[in-house]
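Take a look at the chain shown below.

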Amino acid sequence: MLEISYTKKGTPFVWASNLHQELQIETPLRVWFPRMIDFGFELNQDYSEHNSEITTIRGGKSLKRDWGVHLDMAKHIAMVQKSEMGKRVRQHLMDQDKKVQDGAYLTHAQISVLFDLVKALGFFSIQAYLEKEHFNVFNKPTEWWAYRAKLFNYSTDQLQEMVKAIDVKYVNQRQAMFHLDRFELIRMAIVDLLIAMGKSETYAKNVALFAKKIAKEIKPEVYDDRGLSLEFKNPQQIATIIQIKERNERQSELSSL
């Protein structure tokens, strides 16, 4: 089935040539796709043009035309074919689109941003900052802890029992979780950040789960930096933290998430 590609800004699309082949259209691509455009689609909004020079069998040069088709347009094109293959392609595109929207598919740019975030979110001060950001967006103080327990699948009482089982003393929930699974703190911070950015819970959870897998691989430092007189953050971590705190005031790499 059709492979999803991404623009530099992270917008998902399919190539018109692949869509043409998948739909088993007999009319040549150069004739067929302009007809599809006539349904009211806009250049650089619904699709983009791509021309490349190729070498022919005889050694000459030829211009190859193709188009990057955004998923909504591709789904519409599949639907108007009024064929069984058109239905299958449309359903496939709808399934892929949902995975993109739910954070199940990530671009290279998004993964790169996640690596930087994982390296910076091991600090308790930043985790607490993002939790407060999420709290302000949630805006239901009396329901906060019940909501959070459901969001992360454990309550305060359950957390206490888990820590008690390993016989560790702690002052607050963050310290308790540190002893149980320190990379879970990074997952929670990613969820807090993404929901504060307006993403859905499903998207935030999926992306955060991937971030935790990254954390397990690269093993970033996770510790309580609050109240320390020395600054242990490196320049890249500081730059990422600045992006997190100033994401609404200026263009940020976080916008790709």
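## Asp97

In which helix is Asp97 found? Asp97 is found in helix H4, residues 84-101. Helices here are DSSP runs of H or I with at least four residues, strands are runs of E with at least two, and both are numbered from the N terminus.

Asp97 is buried, at a relative accessible area of 12%. Buried means under 20% relative accessible area, exposed means over 50%, and partly exposed lies in between (1.4 Å probe, protein chains only). Setting aside neighbours within four places in sequence, Asp97 is in contact with Leu71, Asp72 and Lys75. Contact means heavy atoms within 4.5 Å. His179 lies 82 residues from Asp97 in sequence and 38 Å from Asp97 in space, C-alpha to C-alpha.

## Basis of the model

This is a predicted model: local features need pLDDT of at least 70, side-chain atom pairs count only at pLDDT 80 or more, and totals for chains, interfaces and linings use all residues. Residues are numbered from 1 along each chain as its sequence is written, and side-chain values use heavy atoms, with hydrogens and water left out.

## Overall form

The protein chain has 11 helices and four strands. Its radius of gyration is 24 Å, well over the 18 Å that the globule rule gives for 257 residues, so the chain is more spread out than a compact globule. The radius is taken over C-alpha atoms, and the rule is 2.2 Å times the number of residues to the power 0.38. The C-alpha trace spans about 75 × 40 × 35 Å along its principal axes.

Of the 257 residues, 42% count as buried. Among contacts with a separation of 6 or more, 61% join residues 24 or more positions apart.

## Helices H2 and H3

H2 (residues 29-37) and H3 (residues 71-80) pack at an angle of about 105°, with axes 11 Å apart. Axes are lines fitted to C-alpha atoms over the stretch in contact, and angles run from 0 to 180 degrees between N-to-C directions. The two helices are therefore roughly perpendicular, a label for angles of 65 to 115 degrees.

H2 brings Trp32, Phe33, Met36 and Ile37 to the contact, and H3 brings Met73, Ile77 and Val80.

## Gln127

Gln127 sits in helix H6, residues 124-138. Is Gln127 buried or exposed? Gln127 is buried, with a relative accessible area of 1%. Not counting residues up to four places away in sequence, Gln127 touches Leu121, Gly122, Arg174, Leu185, Ala189 and Val222.

Definitions and conventions
Parallel < 35°, antiparallel > 145°, perpendicular 65-115°, else oblique.
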